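Please consider the model displayed below, together with its sequence.

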Number of protein chains: 4
Amino acid sequence: MKKNKPKYNQIIEAAVEVIAENGYHASQVSKIAKKAGVADGTIYLYFKNKEDILVSLFEVKMGQFIEQIAQSINEKQHVSDKLYALIEMHFRQFAKDHHLAVVTQLELRQSNSELRWKINEVLKPYLSEIDLVIKEGIDDGSFRGDLNLPLVRQMIFGTLDEVVTNWVMNEQRYNLLAQASAVHALIINGLSVKE
Amino acid sequence: MKKNKPKYNQIIEAAVEVIAENGYHASQVSKIAKKAGVADGTIYLYFKNKEDILVSLFEVKMGQFIEQIAQSINEKQHVSDKLYALIEMHFRQFAKDHHLAVVTQLELRQSNSELRWKINEVLKPYLSEIDLVIKEGIDDGSFRGDLNLPLVRQMIFGTLDEVVTNWVMNEQRYNLLAQASAVHALIINGLSVKE
Amino acid sequence: MKKNKPKYNQIIEAAVEVIAENGYHASQVSKIAKKAGVADGTIYLYFKNKEDILVSLFEVKMGQFIEQIAQSINEKQHVSDKLYALIEMHFRQFAKDHHLAVVTQLELRQSNSELRWKINEVLKPYLSEIDLVIKEGIDDGSFRGDLNLPLVRQMIFGTLDEVVTNWVMNEQRYNLLAQASAVHALIINGLSVKE
Amino acid sequence: MKKNKPKYNQIIEAAVEVIAENGYHASQVSKIAKKAGVADGTIYLYFKNKEDILVSLFEVKMGQFIEQIAQSINEKQHVSDKLYALIEMHFRQFAKDHHLAVVTQLELRQSNSELRWKINEVLKPYLSEIDLVIKEGIDDGSFRGDLNLPLVRQMIFGTLDEVVTNWVMNEQRYNLLAQASAVHALIINGLSVKE
DNA sequence: GATGAATGAGACTTCATTCAT
DNA sequence: TATGAATGAAGTCTCATTCAT
């Protein structure tokens with residue numbers, strides 16, 4: 001399997017660095033090859049084309065990302081803790097890997113619609129994780145029974161995504177992780193005053 | 001003032017249509033000129049360069065967009081109604097103008113970082129509108145006093161943006177406007193069960 | 001006759017200034033029109049096209065230039081003095097009008113071959129003046145009888161032209177006029193030691 | 001080193017031909033590529049941009065040109081013979097390569113000021129060769145001691161340049177080489193009658 | 001005569017991908 | 001496997017000229 005070959009990962013890592021440093025449009029295949037220490041042509045022994053590098057990059061990185069989150073969720077008993085774990089790990093991973101944060105929040109969004117469709121596919125398992133938490137909360141009575149599942153998922157993902165993007169666009173000048181509990185409270189309680 | 005000249009608006013409208021139909025990267029200046037019914041060179045009498053068309057497009061359309069929302073908010077007395085008006089008008093306007101929805105939610109995000117910075121500038125008045133509503137809610141006791149203003153703004157905007165993007169990516173197959181009240185409830189109450 | 005109309009000369013003078021200040025390739029018709037204080041279209045009431053402005057500019061300016069030299073020559077009796085007058089007036093006029101020097105020595109040479117042919121036509125009366133002096137010198141025994149007329153003319157014109165071009169390219173940092181007598185000596189006597 | 005690669009020279013030669021045949025402004029990169037038998041993009045593996053082709057062309061060709069002249073001068077003992085060799089080789093080389101003559105005397109002068117500055121740099125070694133001959137003549141008493149070196153250089157170069165340009169503009173209808181001895185005599189003796 | 005908004009042809013350069021070695 | 005020289009399609013913008021007013 002190609003993915004075990006060292007050059008495959010070399011190229012993926014090189015792509016993340018090159019895109020984070022140069023931006024999406026200035027990241028030519030030749031630049032990625034150079035950073036990876038291989039010839040331009042070698043790229044095409046491991047990837048179908050440039051888009052395939054990007055999709056693979058997203059697959060690999062997001063696979064790990066989601067894996068971490070799923071694991072973190074599974075360690076918790078209560079739904080509220082699970083939701084917190086999800087938020088915390090989402091932030092924690094981007095806080096730890098600034099390159100990845102820049103690439104996923106800013107640069108990869110400059111890709112064309114076709115690539116963004118594939119990226120959405122990669123995100124599906126993450127969205128399913130979110131769904132599981134919501135469903136569990138509804139089932140055990142922690143969350144209201146009348147919640148519209150896709151909508152809640154969109155609220156949660158949209159919020160996390162926007163918070164991370166803001167952090168990235170502000171050049172990561174503040175502590176992203178410190179926001180986790182406030183975001184958690186907001187999602188659980190909304191804006192209104194509780195009795 | 002240039003903006004009163006008919007060709008200026010002709011070109012803006014043509015750009016929205018061309019980008020919505022062909023996608024960002026396949027929208028050559030010559031295509032926009034043709035759709036607008038002017039010569040290629042005429043574009044450059046009204047816009048500095050291609051990017052300037054896109055920024056201007058966003059400025060004009062978002063200016064109207066925000067204006068509509070602000071007006072709608074001002075007609076309401078209570079904060080909860082204002083927030084609802086904001087959500088409803090956000091959805092209503094994209095539901096009414098599918099071309100614009102595609103352009104703002106998908107195509108314009110493919111632009112380079114410089115353009116995205118300018119787009120962010122255009123969005124600022126909208127974010128200020130959101131802030132005003134939140135502040136009012138806090139002041140009159142409708143919302144909790146310990147809310148983190150930027151975070152709440154990010155939650156609201158992130159949620160609306162994600163909901164609209166999902167609707168666009170699903171080819172607008174369902175009624176976006178119908179989601180307004182559920183989204184409103186979610187933002188006000190969060191996920192938890194109220195006493 | 002067009003040439004008596006004030007705008008004709010306004011445009012010529014504007015062209016000299018614009019070309020001297022901006023260089024040949026950055027001298028758009030619109031820039032010349034603006035400097036002349038007329039509308040772009042007005043240019044075409046007085047000149048057939050852009051090339052016609054340049055040729056006319058050269059005709060007018062060189063006509064005056066040659067006229068001055070011819071007059072100066074005619075005031076002299078002896079051939080050697082006539083040659084000196086020619087050299088001196090050639091230098092004097094460029095020294096007096098730096099704009100014109102830049103335009104004729106540098107900028108107008110960037111024109112295409114067709115225009116340069118026409119410019120050569122304009123120069124012919126000047127070359128004839130040179131010829132007259134040489135012929136007179138041969139006839140009265142001041143100059144050798146075996147001189148090849150076109151060659152001598154080319155030497156004289158080539159030398160003057162190169163001296164002026166060097167002065168212009170050195171940003172006119174030295175006194176061009178002061179070179180006249182040395183140039184005159186060089187042309188009359190050559191390099192060799194006289195007995 | 002790039003200059004040893006065959007395509008480098010192929011492109012240079014093609015450029016000389018294309019410019020000589022079509023004129024400077026009608027010499028598109030695509031035309032040069034076609035004549036050189038390479039793809040358009042290949043040009044940019046060997047040259048930074050179009051101007052770089054022209055500068056390199058001039059460097060290579062003038063390098064050889066000057067080399068030939070320097071060699072020819074060195075074979076002579078007496079200063080007068082050296083000056084003759086310089087003139088003779090100057091003419092001989094252009095007479096042998098009509099394309100090059102057209103390109104250097106007419107077409108390359110249409111380039112913008114920046115390029116012409118670079119061209120002047122390339123010419124400097126040639127001007128130095130001329131200087132050496134003049135100095136030697138002054139030192140050994142063949143030439144007058146009061147000669148102004150830069151002025152003499154300008155006279156010699158200006159004369160040769162003008163003679164060649166005239167020959168080119170007359171479509172090379174006469175024997176350029178045959179002029180060498182008359183030009184030599186003119187430079188050495190000037191116009192005056194020697195005792 | 002005078003205006004100036006509109007026209008539209010034309011070319012340099014980049015970069016993803018290939019293929020002979 | 002690995003290389004990297006070569007390919008060639010494709011698009012933005014300028015500016016001389018026109019013509020309706």
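A residue is counted as near a molecule or strand if one of its heavy atoms lies within 4 Å of it. Of the atoms of DNA strand F within 4 Å of the protein, 72% belong to sugar or phosphate, and the rest belong to bases. This is a predicted model, in which local features need pLDDT of at least 70 and side-chain atom pairs count only at pLDDT 80 or more, while totals for chains, interfaces and linings use all residues. Residues are numbered from 1 along each chain as its sequence is written, chains are lettered from A and ligands numbered from 1 in the order in which they are written, and side-chain values use heavy atoms, with hydrogens and water left out.

Around DNA strand F there are 27 residues, of which Lys5(A), Thr42(A), Tyr46(A), Thr42(D) and Tyr46(D) come nearest. By class, this surface has twelve nonpolar, nine polar and six charged residues; Ala, Val, Leu, Ile, Met, Phe, Trp, Tyr, Cys and Pro count as nonpolar, Asp, Glu, Lys and Arg as charged, and the others, Gly among them, as polar. Helix 3 (40-46) of chain A, helix 3 (40-46) of chain B and helix 3 (40-46) of chain D each supply at least two residues of the surface near DNA strand F. Helices (H or I, at least four residues) and strands (E, at least two) are DSSP runs, numbered from the N terminus.

Individual polar contacts may now be examined; the term denotes a pair of N or O atoms within 3.5 Å, and within protein one must be able to donate a hydrogen and the other to accept it, with residues adjacent in sequence counting only if both atoms are side-chain atoms. A polar backbone atom of Gly41(A) is 3.1 Å from a base nitrogen of DNA strand F.

DNA strand E is surrounded by 28 residues, the closest being Thr42(B), Tyr46(B), Thr42(C), Tyr46(C) and Gln28(D). Sugar and phosphate make up 73% of the atoms of DNA strand E that come within 4 Å of the protein. Helix 3 of chain C gives the most to this surface, with five residues. A phosphate oxygen of DNA strand E is 3.0 Å from a polar backbone atom of Ala39(C), and a phosphate oxygen of DNA strand E is 2.8 Å from an N or O atom in the side chain of Tyr44(D).

The interface of chain B and chain A remains. In contact (heavy atoms within 4.5 Å) are 43 residues of chain B and 43 residues of chain A. The two chains bury about 3900 Å² between them, 59% of it on carbon and sulfur atoms; buried area is the accessible area (1.4 Å probe) that two parts lose on being put together, summed over both. The rule finds 14 residue pairs in polar contact across this interface, both residues being at pLDDT 80 or more. On the side of chain B that touches chain A, helix 8 of chain B supplies the largest share, twelve residues. The residues of that side divide into 19 nonpolar, 18 polar and six charged.
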